[in-house]
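Me: Could you go through this structure with me? I would like to see what stands behind each label.

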Amino acid sequence: MLKLKYFGAVAEKIKVQEENIPFSNSSLQELVDALEQKYDLTSLSYSIAVNQKIVQDTNNYMLISNDVVALLPPFAGG
Amino acid sequence: MRYNRQIILPEVGEKGQEKLTQAKVLIIGAGGLGAAILPYLAAAGIGEIGIIDDDAIEISNLQRQVIYKSDAVGKSKALEAKEMALSLNPLIQINAITDTLNVKNAIPLFEYYDIMVDATDNLHTKYLINDACVVTHKPFVYGSIYKFQGQISVFNYQNGPTYRCLFPDESSNSKNCVDSGVMGISVGIIGMFQANEVLKMVLGIGNVLSGELLIYNMLNNDQQKFDLVKTNTNPLNQLDFEKKYNIIENTVLEISAKEALEQIDNSDVLFLDVRNEEELPKISLTNSIQIPLSDLEENLKKLDLNKAILIYCQSGIRSKKAAEILKKHQFLKVQSISGGALKLQEIIANNAISVS
């Protein structure tokens with residue numbers, strides 16, 4: 001099981017703030033690519049965190065079961 | 001004794017109050033966030049506070065920019081903010097700067113102040129603040145809102161991560177409060193978090209949000225922190241900074257929607273729509289192409305370097321960013337249509353111009 005958390009414009013696009021998905025042996029980037037496809041996120045920009053830590057090298061980050069992945073878009077209002 | 005209630009706190013004391021008096025803090029933006037941050041820093045006795053904003057007060061500001069008065073609509077935000085802060089605390093110095101933060105004033109300003117506070121409403125300025133802070137080795141307190149959520153962090157503090165370590169992708173197009181909407185309390189709460197960080201930094205108490213991004217949700221009171229590490233290993237120096245931003249700021253030209261529409265039959269002109277596919281109103285023009293801003297850099301080959309490219313988005317902000325990108329890639333004849341699709345639509349409707 002993987003827990004996904006969404007914020008800001010990403011949560012709006014996906015229409016939920018969090019969801020659980022079945023775990024599969026994939027890299028973080030592979031998961032993100034699948035989400036982009038599923039929810040049409042290509043026009044959105046966001047950073048990605050796993051278990052509350054921002055991850056830059058998403059290609060080489062292997063997920064394990066019970067990881068919590070968060071998609072964090074920049075906010076601009078003020 | 002004005003500061004008695006905080007001086008008796010063990011974490012503050014007379015020594016802490018002296019630190020507050022010696023501190024110089026620059027608040028960039030006198031809008032929703034700035035209006036929350038300024039009064040509390042002034043009240044606590046920060047010795048010198050700069051407030052930079054070139055806007056005038058509008059009626060729609062008053063639902064969240066609570067330091068302004070209804071009869072001050074039309075007046076300068078920076079000047080009104082200064083007056084409010086000084087009437088609250090006449091012992092401190094307030095510098096009102098009726099200007100926008102730009103490539104010319106950023107570095108001199110940041111060299112003067114100790115801590116910068118990002119109270120802006122657009123991503124472009126956040127990157128500018130970040131880069132000028134890196135050049136001048138100064139920290140900045142980041143704050144931003146999206147509807148009922150806010151983000152806070154402290155960047156470039158004691159060699160900590162920067163804004164670019166968190167959001168390296170500058171081509172993003174996040175919406176601000178004009179487009180998305182906001183409640184006054186949301187900017188209030190996030191502004192409080194920012195003022196809190198400033199005070200912790202000046203007093204040297206508590207844990208500063210450096211290397212951590214705090215996201216707060218007003219609707220469910222959920223608070224989350226995300227750790228981030230420094231990734232940017234190419235710190236900008238002043239020369240690089242000027243080269244980078246001079247290219248961006250001095251050459252982005254705007255053209256009025258009316259003048260742009262006079263070019264619709266000119267085959268040497270190409271209209272570029274940088275909005276997302278689903279955005280309306282669609283403007284149907286013969287010599288035109290649509291490439292969303294986020295895809296622009298990968299799709300430059302679709303554009304003819306020899307044509308004059310007139311760019312539009314919804315209201316004229318993203319199109320400027322698009323113009324910057326094209327300029328960086330050797331497109332010389334590039335202009336951003338001010339007022340965007342909304343203005344184009346208005347003129348077309350009013351004049352019944354035939355566009356196809």
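Me: How far apart do the C-alpha centres of domain 1 and domain 2 of chain B lie?

Reply: They lie 33 Å apart. The domain assignment gives domain 1 (4-240) and domain 2 (252-351) in chain B; such bounds come from an automatic or database domain assignment. A word on the basis: this is a predicted model, where local features need pLDDT of at least 70, side-chain atom pairs count only at pLDDT 80 or more, and totals for chains, interfaces and linings use all residues. Residues are numbered from 1 along each chain as its sequence is written, while chains are lettered from A and ligands numbered from 1 in the order in which they are written.

Me: What share of chain B is called buried?

Reply: Buried residues make up 45% of its 356 residues. A residue is buried if 20 or more other C-beta atoms, placed from the backbone, lie within 10 Å of its own.

Me: Which residues count as the contact between the chains, and how many are there?

Reply: Two residues are in contact if their C-beta atoms, placed from the backbone, lie within 7 Å. The contact takes 37 residues from chain B and 19 residues from chain A. On the side of chain B, the largest share, 4 residues, comes from β5(B), a strand (a DSSP run of E, at least two residues, numbered from the N terminus).

Conventions:
A residue is buried if 20 or more other C-beta atoms lie within 10 Å of its own, exposed if 12 or fewer, and partly exposed in between; C-beta atoms are placed from the backbone.
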